[in-house]
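A plain account will do.

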Amino acid sequence: MKKKKELSYDSALAELQELVGQLQEEVISMDDLSEKAKRAAELVKFCQDKLRKTEEELKGLFEDSTT
Amino acid sequence: MSYSLFELNEFIRQVLALNLSDGLWVRCELAQVKHSRGHCYLDLVQKSENGEAVIAQGNAVIWAKKLRTLRQKLGLESDALLQEGMEVLILVNVEFHERFGLKLIVADFDPSYTLGKLATKRRETLMQLQKEGLLEKNKKFALPAVVQRIAILSSENAAGLKDFLNELSGNDFGYAFSFHLFPVAMQGVKVSAEIAKELKNIDAGLYDVIVIIRGGGSKLDLAAFDEYEICKNLSQASLPVIAGIGHEVDETVLDQVVHTSLKTPTAVAGFIIHHNLRFESQIMQLGTEVQSSANLLLNDQKLMLQQLFQSVAQQSDSELQRQKMMLGFISKELPSLLKTNITSELTRLDMLEKSVLFLGPDMTLRRGFSITQKDGKTIDNGSKLKPGDEIETIFLNNKVTSIVK
């Protein structure tokens, strides 16, 4: 699968959810399974990174103004 | 028989002297008052009931010596009383001189008569003004919030003018004032006409108030300010009028038609300063209120902003946690899902294998059938073989070679 240029959290999550849906329904061909599993792992990592980054940014934002 | 003129006049003098030997109290109006060499010459008149026609006229004199005595006795009132237009009750001796003719020599006068006349006239004036709605007219003006530009109706040498100017200029609060004096007589017959004239010269756009002031004077001096014309003109002035015409006891009619009446010029100055001071303190009060309102508003907004910040922080955090949980759930489930997918594929393969086995030749051979082949190819029809062909028969566990006959 091609990697999109600017992946957003929302689109990453949507893709991930679709993959999980496909896995649950077991409609993925074995030829694609490994690749799709890799993609899923990649998306999970992307989303986790994004969340962690967001968390860091939020912490910095509100530390100043609430004092 | 005839008489010389002197004899006639002498006779008249004797008749008069016999019949009018004592002084007489006479009521009349002063038509003209002239001072000369210390003596005071009076033109006396009596007017008809409607006040128009002169029905009697005479000349009187107050000799200098008598005048001094009267001044000592009556004080300031004597000069105030001896004004044109005054109605007076005078004690006179009737004298006739052969050469100079008839003359009334004034021995005394009764100021209370004049005051009484004035009081009556004053009441009439008041009633007239009231009827015309002029008593309240000037009072309907609202004083400007700040009084700074002052038109002064006064006499240049009036005692109170200087007091007034000093009081205003030297005020403790540093308020600035501009003055314009419109000079008018403040006593005597000219007062009414001069005030009427100067009132017309006052441009209402250039001033905040008109002030009419004079220092103290006698009660009779104030009579001018009871006159109908003067009061009417002032009541109809185009600006509020403040009066301080220097009196302690009685109010004049003028005091009742003006916007504000005070006793002295100094009191007028004090009133104006106090008026301005009240405005300044109101402004300061408003300033304080604006400041505290602004502070309140600012604090409210600060609080609201703080709450918004907190709520944004909380919402973002909880959204973050939700996403984290979801992602955690997905990533945890992924391996088992993948495994399930592989397992079910394996199961399917297994089943396929079984099917293959089931449908394959082994099961047929097991049931006692055999397969015939020639040169490695399965023969499904015997007519394809000729005698002498070598064929192979395959059983479940072995195979036999034979020749076709």
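In this predicted model, the centres of domain 1 and domain 2 of chain B, taken over C-alpha atoms, are 36 Å apart. The domain assignment places domain 1 at residues 5-109 and domain 2 at residues 121-278. It also gives a domain 3, covering 362-403.

The overall dimensions of chain B come next. Along the principal axes, its C-alpha atoms fill a box of roughly 230 × 45 × 30 Å. The radius of gyration of chain B is 65 Å, whereas a compact globule of 405 residues would have a value near 22 Å.

A pair of residues gives a sense of these distances. B:Gly376 and B:Leu165 are 211 residues apart along the chain, and 148 Å separate their C-alpha atoms.

Where in the fold does B:Gly376 sit? This glycine is in the loop that runs between strand E11 (371-374) and strand E12 (377-378) of chain B. Is B:Gly376 buried or exposed? B:Gly376 counts as exposed because its relative accessibility is 56%, and the cut-off for exposed is over 50%.

As for secondary structure, chain B contains ten helices and 14 strands. Buried residues are 34% of the 405 in this chain. Its accessible surface is about 25,300 Å², and carbon and sulfur atoms supply 56% of that area. Taking contacts in chain B between residues at least 6 apart in sequence, 63% link residues at least 24 apart.

The charges of chain B can be summarised in one distance. There are 45 positive and 49 negative charges, and the mean position of the positive set is 9 Å from that of the negative set.

Chain A is the other chain to consider. It has 67 residues, of which 33% are buried. Its secondary structure consists of two helices, with zero strands. The accessible surface of chain A amounts to about 4,800 Å², and 50% of it belongs to carbon and sulfur atoms. Among contacts in chain A with a separation of 6 or more, 69% are between residues 24 or more positions apart.

Notes:
Residues are numbered from 1 along each chain as its sequence is written. Chains are lettered from A and ligands numbered from 1 in the order in which they are written. This is a predicted model: local features need pLDDT of at least 70, side-chain atom pairs count only at pLDDT 80 or more; totals for chains, interfaces and linings use all residues. Side-chain values use heavy atoms; hydrogens and water are left out. Helices (H or I, at least four residues) and strands (E, at least two) are DSSP runs, numbered from the N terminus. The radius of gyration is taken over C-alpha atoms; the globule rule is 2.2 Å times the number of residues to the power 0.38. Buried means under 20% relative accessible area, exposed over 50%, partly exposed in between (1.4 Å probe, protein chains only). Contact means heavy atoms within 4.5 Å. Accessible areas come from the Shrake-Rupley method with a 1.4 Å probe; for residues, only the protein chains shown count as cover. Lys and Arg count as positive and Asp and Glu as negative; His and the chain ends are not counted. The place of a charge is taken as NZ of Lys, CZ of Arg, CG of Asp or CD of Glu. Domain bounds come from an automatic or database domain assignment.
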